[in-house]
Amino acid sequence: MLFRLDICDLKTGIPLFEKVWKFIGTGTALCDGICKLMLTFFKMSKEMGDNGDVTSVMFEPNGPLPQFHYRASSSGGSLSSSSSSSKRNKTVITPQTRMACARTDLIAASVFHDLTDDPTKVQEYLEKIMAEFQKLYSEQLASMRHSFDEFQDKPETSTLKSADVLARFKDFESIADQSCTTFSGT
């Protein structure tokens with residue numbers, strides 16, 4: 001079962017799209033936080049000597065948080081990390097939740113899903129969603145690049161607002177819903 005989907009600009013982390021099916025919490029602040037968290041995991045993986053391709057992060061509300069995994073590099077290896085649980089970590093995570101994530105040269109996407117879902121199918125879903133998003137919006141993303149960069153460099157003077165950006169891509173919701181239905185097999 002898919003809980004939520006977030007898509008952001010890879011370079012700046014600016015949220016582009018959010019779809020919530022079943023998740024505690026919604027809104028631009030949460031979407032922004034999830035996008036920044038996802039990019040932090042990519043960066044952390046790269047700084048640890050890998051290519052930065054994090055594939056999943058597992059959240060266990062009643063246990064250590066988080067556990068994250070990335071694709072093994074050519075030298076092999078795996079990564080598992082945990083930190084102590086706290087009340088603030090329990091506010092937005094449903095039981096047995098995994099965040100799968102992927103990226104292209106333009107965007108990054110994450111989907112929170114049930115731990116019992118097949119990870120391969122979830123990654124295939126993400127790849128399909130990202131390909132469709134880029135096919136539909138690559139020109140629009142290119143035209144917004146200056147605004148994204150300006151927001152990243154000088155957020156206090158930028159006229160760009162997260163809610164406005166999310167609104168520009170709201171029509172992608174029907175595709176996300178249809179893909180979710182296909183993923184769920186209903």
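Strand 1 and strand 6 run antiparallel and are joined by 7 bridges; strands are DSSP runs of E of at least two residues, helices are DSSP runs of H or I of at least four, and both are numbered from the N terminus. Two strands are taken to pair if DSSP finds at least two bridges between them. The structure is a predicted model, in which local features need pLDDT of at least 70 and side-chain atom pairs count only at pLDDT 80 or more, while totals for chains, interfaces and linings use all residues. Residues are numbered from 1 along each chain as its sequence is written, and side-chain values use heavy atoms, with hydrogens and water left out.

The chain has 4 helices and 6 strands, which follow the pattern β-β-α-β-β-β-β-α-α-α along the sequence. Of its 186 residues, 44% count as buried, a term that stands for under 20% relative accessible area, with exposed meaning over 50% and partly exposed the range in between (1.4 Å probe, protein chains only). Contact denotes heavy atoms within 4.5 Å. Among contacts in the chain with a separation of 6 or more, 59% come from residues 24 or more positions apart.

Strands 1 and 2 form a hairpin with 5 residues between them, and Gly13 in the turn has a positive phi of about 80 degrees. As for burial, 8 of the 8 residues of strand 1 are buried. Strand 2 is largely enclosed by the rest of the structure, because 5 of its 6 residues are buried.

The loop between strand 1 and strand 2 also holds Lys11. With a relative accessibility of 51%, Lys11 counts as exposed. Apart from residues up to four places away in sequence, Lys11 touches Arg145, Asp149 and Gln152. Lys11 and Asp105 are 94 residues apart in sequence, and their C-alpha atoms are 8.8 Å apart in space.

A further hairpin is formed by strand 5 and strand 6, with 3 residues between them. These two strands, of which strand 6 covers residues 107-114, pair in the antiparallel sense over 7 bridges. Arg103 stands opposite Ala108 in strand 6. Strand 5 (residues 97-103) has 6 of its 7 residues buried, so this strand is largely enclosed by the rest of the structure.

The nonpolar cores were examined next. A nonpolar core is a set of buried Ala, Val, Leu, Ile, Met, Phe, Trp, Tyr and Cys residues joined through side-chain atoms within 4.5 Å. The largest has 27 residues, and those with the most contacts inside it are Leu5, Ile7, Leu16 and Phe133. At least two residues of this core are supplied by each of strand 1 (2-9), strand 2 (15-20), strand 5, strand 6, helix 2 (119-153) and helix 4 (173-184). Helix 2 provides the largest share of this core, 10 residues. Apart from it lies another core, of 16 residues, including Cys8, Phe23, Ala108 and Phe112.

Leaving aside neighbours within four places in sequence, Leu5 is in contact with residues including Phe17, Trp21, Val111, Tyr125, Ile129 and Ala176. Leu16 lies in strand 2 and, at 0% relative accessibility, counts as buried. Residues up to four places away in sequence not being counted, Leu16 touches Ile7, Ile107, Phe133, Leu141, Phe148 and Phe169, among others.

Rolling a probe the size of a water molecule over the atoms shows where empty space is left. On a 1 Å grid over the protein atoms alone, a pocket is an open set of points where a 1.4 Å probe fits, with protein on both sides within 12 Å along at least five of seven lines, and lining residues have an atom within 4 Å of a point. The second largest pocket has a volume of about 210 Å³, this being the space filled by probe spheres set on the points, which are joined across faces, edges and corners. Its lining includes Leu10, Thr12, Gly13, Lys36, Phe42 and Arg103. Helix 1 (residues 28-47) contributes the largest share of this lining, 6 residues. The lining residues divide into 3 nonpolar, 3 polar and 4 charged, where Ala, Val, Leu, Ile, Met, Phe, Trp, Tyr, Cys and Pro count as nonpolar, Asp, Glu, Lys and Arg as charged, and the others, Gly among them, as polar.
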